[in-house]
Amino acid sequence: MSATFEDEVVTAAKVRYLRVPGLAGEIALITLDNGHDHTRPSTFGRGGLASLDAALDEIAAHTPAPAAIAVTGKPFVFAVGADLSGVPSITSAADAREIAETGHRVFRRLKDSTVPTFAFVNGAALGGGLELALHCHHRTIATTAVVAFPEAFLGLVPGWGGTQLLPNLIGIDPAVTVIVENALAQNKVTPGPKAAELGIADALFEPADFLERSLEWAVGVLNGDVAVSRPEVDRTAWDDAIARARAIVAGRTRNASPGALRTVDLLDLARDGVDGEAFTAGTAAEDDALADLLMSDELRASLYAFDLVTKRAKRPAGAPDRKLARKVTKVGVVGAGLMASQLALLFVRRLEVPVVLTDIDQARVDKGVAYVHGELDKLAVRGRLSADKLNRLKGLVTGALDKAAFADADLVIEAVFEEMSVKQQVFAEVEAVVSPECVLATNTSALSVSEMASKLEHPERVVGLHFFNPVAVLPLLEVVRAEQTDDAALATAFAVGKALRKSCVLVADAPAFVVNRLLTRFLGEVTAAVEQGTPIAAADRALDPLGLPMTPFELLTLVGPPVALHVAERMHEAFPDRFAVGEGLRRMVELGKSSVYSEPGVVNADLAGIDSGDSPLTEEQVRERAVEALAQEIRLMLDEGVVQAVQDIDLCMILGAGWPFWLGGISAYLDRAGVSEKVTGSRFLPKGVASLPA
Amino acid sequence: MSSGERRPRWLREVVFVDGVRTPFGKAGPKGVYAETRADDLVVRVIRELLRRNPSLPADRVDEVAIAATTQVGDQGLTIGRTAALLAGLPKSVPGYAIDRMCAGAMTAVTTTASGIAFGAYDVAIAGGVEHMGRHPMGEGADPNPRFFSEKLVDGSALVMGSTAENLHDRFPHLTRERADAFALASQQKYAKAVANGQIGPELVTVSTRSAEQGWGLATVDEPPRPNTSLEGLATLKTPFRPHGNVTAGNAAGLNDGATGCILAAEEVALELGLDVGMRLVGYGFVGVEPEVMGVGPVPSTERALARTGLTIEDIGLFELNEAFAVQVLAFLDHFGIADDDPRVNPWGGAIAVGHPLASSGVRLMTQLSRQFAERPDVRYGLTAMCVGLGMGATVIWENPNWEGTE
């Protein structure tokens with residue numbers, strides 16, 4: 001056994017021998033506890049596995065031999081899997097394989113035990129925690145517990161037995177759902193009752209007396225009073241289920257994530273069962289997969305990305321002291337169009353303060369308020385709002401023609417037409433009625449916030465709050481500090497963003513900020529390739545190997561050609577040498593087309609001839625051109641100080657554009673593909689940060 | 001009611017359906033419940049009561065009255081209500097907290113039983129809890145200075161051990177030797193009842209958290225000292241008075257535990273198919289001088305007997321709380337009952353099993369109901385206890401299994 005991971009918070013396996021009424025012998029109960037409360041769940045690193053191994057040694061040597069061995073967790077948590085913080089210390093394939101094999105060897109002791117083994121899943125059991133439970137002969141689960149295999153989501157495989165044991169317990173198709181489909185659907189977890197229904201656990205108990213009831217149930221099983229029935233696993237279901245898994249992986253990752261692909265291969269292998277030799281072969285294949293993946297750049301990039309979204313997103317770099325934030329007890333929204341109405345809905349749901357919408361005529365105001373009320377009604381119908389809460393929130397949303405309704409607002413956000421003079425006028429009108437401290441926010445996607453504030457008496461109160469469509473879904477909020485923005489206004493913006501449950505990233509008042517700037521540049525390169533003569537379909541396919549969530553032209557449809565055109569024109573003004581305004585895009589807007597395709601795979605006839613240039617590029621050339629442009633643009637943004645660090649750019653692309661973990665957002669990919677060095681002369685991140693160490 | 005005539009009022013018989021308790025623990029950092037919350041003990045009791053009586057729909061429970069002497073922290077926030085919610089009873093089931101120090105659970109029973117008799121409830125859960133490790137006796141107490149400036153009570157009245165010493169003063173023939181002998185018998189009778197399986201079925205297991213050792217399971221009482229001997233008892237110190245009579249051996253200890261029972265109108269118990277363990281006959285509470293609170297059960301029993309028309313000779317089984325041996329002896333002495341009368345505490349008492357203050361009353365009742373089941377020859381039984389600040393509490397029960405005199 002090697003030394004523990006550096007800084008491993010070791011999960012200790014604590015053994016007690018319990019007398020339980022009705023049982024002649026004792027039950028050896030192992031509690032997994034890392035010594036912290038539930039905010040730091042128990043995980044397994046080298047030290048944790050060694051502790052479990054030692055506990056099993058101790059139990060094996062105990063006389064009299066216990067009647068059963070049971071494993072449970074500290075309050076609210078079972079165990080949440082491997083200690084991923086230790087991965088950077090794995091520097092060789094041999095190291096990686098040793099971790100895989102050690103987990104297999106220790107957990108297998110529970111499977112091979114001649115003494116009956118039980119897992120009492122009292123709380124979250126994720127990844128390796130669930131695998132530990134699956135090695136036990138029997139399982140109970142609390143109604144409040146959740147189980148999941150996040151490995152495929154992170155670019156790994158459930159490699160401590162999960163790919164082999166789960167399908168052989170509950171059948172291959174449900175196992176594909178849990179291991180592949182749920183993992184790739186933003187890591188969806190399975191609640192306790194559903195887990196019991198699927199057969200992942202044999203018995204379900206409420207948390208109030210979970211351990212007592214579990215022990216009582218175990219005694220029933222040991223005495224033969226409780227029969228545990230499990231359905232026969234249908235071996236003929238394998239081919240269809242594996243085909244379904246492959247389709248899910250192709251759809252979600254475009255087969256660009258090695259972890260997801262390897263996971264499906266292992267599930268396929270599990271068709272041979274988990275008895276004796278078959279399990280040895282299955283776990284050996286898991287060892288191979290883990291050794292390969294742990295030593296892959298994709299996995300290292302994923303862990304970097306995971307760290308960004310779980311840590312950096314919660315503590316935004318460069319945000320002022322949160323104590324400076326002012327209280328927001330009323331919000332004004334200028335404009336009552338779709339964007340404004342979505343903002344009003346978000347503000348009222350999360351802040352639960354009065355929200356006033358204004359617009360230029362009563363009909364628009366009424367429509368905006370009616371939209372918000374209607375959305376709230378829908379939430380109530382779906383059971384997401386109680387009747388009382390619905391009454392409360394609807395009562396908080398009102399409309400007005402006169403901006404005097406903003407007089408006691410602490411924050412007013414505008415979402416009016418993207419025209420500088422209009423926005424300046426709106427802010428001037430608002431300033432005339434609100435207090436000098438009231439924060440004025442703009443949801444502009446590309447205009448200069450500083451210029452918008454420049455004519456005000458108190459420009460220091462103006463910030464940009466750039467949301468992403470759909471506002472209720474996308475977690476990113478770019479918080480824009482304009483030239484004169486003061487710390488109090490900025491701190492208030494961050495506090496509001498947090499209350500809205502958005503991940504805030506501080507950005508400078510540079511054209512199109514981060515996400516739109518990079519997407520526009522990228523899209524511009526692809527459309528330029530088309531205009532040069534590359535067939536639309538080929539250009540649209542060119543980025544597939546990266547595994548982006550949508551193709552360039554799918555993205556264009558989502559953003560909407562008019563918005564894309566507006567941003568592109570603005571970027572062209574700012575940086576004419578790098579941002580062109582495509583002829584095709586103009587034509588789409590003129591024709592009111594939302595897609596380059598009239599039906600899937602068929603280019604719209606109105607756009608015929610758009611790709612009639614005479615120097616077509618190959619798909620590879622298109623890809624090269626697009627990613628090189630990204631590298632160039634990112635370097636310029638860092639030089640301009642648009643963000644604090646490249647990590648913020650990656651965070652923005654993950655949360656605002658849904659770019660994948662295995663690219664590390666994007667910088668890890670540009671580094672490992674050598675693009676950043678080729679285009680800008682150096683890497684964005686040192687080796688080892690989002691890649692294998694040097 | 002269309003006319004002006006008054007609606008007739010009638011009373012209903014009240015029955016004790018079933019009682020359970022947690023194993024009792026020793027208070028303090030080494031006790032089995034050192035890291036277990038008081039409200040969790042109550043929750044476990046309520047859930048197990050419902051589980052053992054599946055014919056009682058949870059929404060038929062009309063009240064949850066839970067006693068605690070110290071009503072702060074995990075014993076605060078109206079523990080009857082919090083425990084009902086935490087136990088998963090329907091939100092429509094109300095609850096409240098109750099306090100009469102050691103007679104808390106006993107008062108929870110008499111109060112809810114009276115409500116049942118009156119027709120306000122059909123079914124109630126009554127019980128008590130005391131986690132003396134988390135809540136030392138007298139925690140947060142702020143006695144009015146007038147108690148002392150006006151000599152309303154003697155300074156010793158607030159120290160229970162001192163009131164027991166005072167009883168030895170009042171009844172000099174109740175010697176330490178008699179107290180120690182009674183204490184030894186309590187330990188022995190308890191051990192025998194456990195060995196016979198008489199104590200045990202009413203216990204609910206409790207999972208016990210220990211950050212150091214991992215989860216455990218409490219299944220047996222922790223306080224009993226089966227190796228007690230007269231010689232050993234004689235060597236114990238008298239912490240309340242130099243050369244006094246009251247020791248850790250002839251008094252109940254400091255303990256953690258919870259109890260609970262189901263009470264119902266007899267007709268409702270029949271309707272629902274619930275067992276009838278005991279039928280309530282009557283009760284009495286009486287105050288005495290706080291300095292000699294231990295004598296309280298004497299007048300409270302006199303009152304209960306007088307109000308029910310019974311005499312002490314009618315009582316076939318006594319479950320007396322053993323806060324202090326001398327205080328039980330004072331009771332027996334008054335009624336002319338021998339120290340070792342087999343009708344008294346046949347399964348031992350609090351000196352052995354422990355006395356988590358407000359919980360103990362329902363332990364006495366639960367044991368009496370189980371003795372009733374074994375003893376169809378006995379018609380009446382009595383549960384009684386002394387209470388801090390000078391009170392006595394007595395509840396008389398009838399055995400539904402009684403087979404008659406002939």
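Mentor: A residue is called buried if 20 or more other C-beta atoms lie within 10 Å of its own, exposed if 12 or fewer do, and partly exposed in between, with C-beta atoms placed from the backbone. The model is predicted, so local features need pLDDT of at least 70 and side-chain atom pairs count only at pLDDT 80 or more, while totals for chains, interfaces and linings use all residues. Residues are numbered from 1 along each chain as its sequence is written, and chains are lettered from A and ligands numbered from 1 in the order in which they are written.

Trainee: What makes strand β3 of chain B a partner of β5(B), and which strand is joined to β5(B) by antiparallel bridges?

Mentor: Two strands pair if DSSP finds at least two bridges between them. Strand β3 (residues 63-67) of chain B has 5 bridges to β5(B) and runs parallel to it, with E63(B) bridged to A124(B). Strand β8 (residues 255-265) of chain B is joined to β5(B) by 9 bridges and runs antiparallel, and there H131(B) has D256(B) as its bridge partner.

Trainee: How do you know that helix α3 of chain A is mostly covered?

Mentor: Helix α3 (a DSSP run of H or I, at least four residues) spans residues 128-135 of chain A, and 8 of its 8 residues are buried, among them L130(A), E131(A) and H135(A).

Trainee: How many residues of domain 1 of chain A are in contact with domain 3 of chain A?

Mentor: An automatic or database domain assignment gives the bounds, dividing chain A into domain 1 (12-295), domain 2 (322-508) and domain 3 (515-641). Contact requires C-beta atoms, placed from the backbone, within 7 Å, and 4 residues of domain 1 meet that test with 4 residues of domain 3. The centres of domains 1 and 3 of chain A, taken over C-alpha atoms, are 45 Å apart.

Trainee: Which element supplies the largest share of the side of chain A that touches chain B?

Mentor: In contact are 18 residues of chain A and 16 residues of chain B. On the chain A side, β1 (12-19), β2 (26-33) and α8 (210-223) each supply at least two residues, and the largest share, 5 residues, comes from β1(A).

Terms used. Contact = placed C-beta atoms within 7 Å.
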